[in-house]
Amino acid sequence: MSDWIYVDNSNVFIEGKRVSAVRNGLVPTIGDASQHDVLDNTYRMSFGKLYQFVAGNNKATTARAMLFGSRPPQNDVIWQIAEQAGFEVIVQDRNAANKEKKIDTGIVAAMTRDAYRNAKSGDIFTIVSGDNDYVPAVDQLIKDGFQVDVVFWGHAARELREVATNFISLDPHIDALRF
């Protein structure tokens, strides 16, 4: 049995800042944090701790751990740190409006390709993201006999939480994941 891990860096990082904002009393609820774009900009997540949390202590069972994100400024070493933590890093350029694009579809494409080319029955797919964009892929992989776990903050999209084999909330681990 192997584990296949796919992380939407911006999604988990930004939403973690929202959870931290609520936890630290900057805003009363996660809904308020989202509506008013309130973030705790002091919160930083450790790639190594995230990798260990998702992959566990036995790296031998991890077939692939991919982290997807947007190209940072040239002087930023964020992706080097992620690679040192054990992630295969996939970087996409932002569009002309400086918006992040191709991340969700990149994750779905990689996950689908791995499922049908490389994975075996009993393998576990883990998505670290909370978007409803993943629902069709998760649903199909489960129908095809794979286990698909979603690991994300507690306010992940309801439909994604419900369709997943398991949902694991990062909320109780926010301090343990801190850089």
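1. D139 and K143 lie four residues apart in helix α6 (residues 135–143), so about one helical turn separates them, and their side chains meet in a salt bridge with N and O 3.1 Å apart (a side-chain nitrogen of Lys or Arg within 4 Å of a carboxyl oxygen of Asp or Glu). D139 is partly exposed at 28% relative accessibility, while K143 is exposed at 61% (buried is under 20% relative accessible area, exposed over 50%, partly exposed in between, with a 1.4 Å probe and protein chains only).

2. This is a predicted model, in which local features need pLDDT of at least 70 and side-chain atom pairs count only at pLDDT 80 or more, whereas totals for chains, interfaces and linings use all residues. Residues are numbered from 1 along each chain as its sequence is written, and side-chain values use heavy atoms, leaving out hydrogens and water.

3. In helix α7 (residues 158–163), R158 and E162 are likewise four residues apart, about one helical turn, and form a salt bridge of 3.0 Å, N to O. R158 is exposed, with a relative accessible area of 53%, and E162 is exposed, also with 53%.

4. The whole structure holds six salt bridges. One of the pairs is D175 with R23, whose closest N and O atoms are 2.6 Å apart; this pair links distant parts of the chain, with D175 in the segment after β6 (166–169) and R23 in helix α1 (residues 9–23), 152 residues apart.

5. E15, R18 and D37 are linked in a network of salt bridges.

Technical notes. Helix = DSSP H or I, 4+ residues; strand = E, 2+ residues; numbered from the N terminus.
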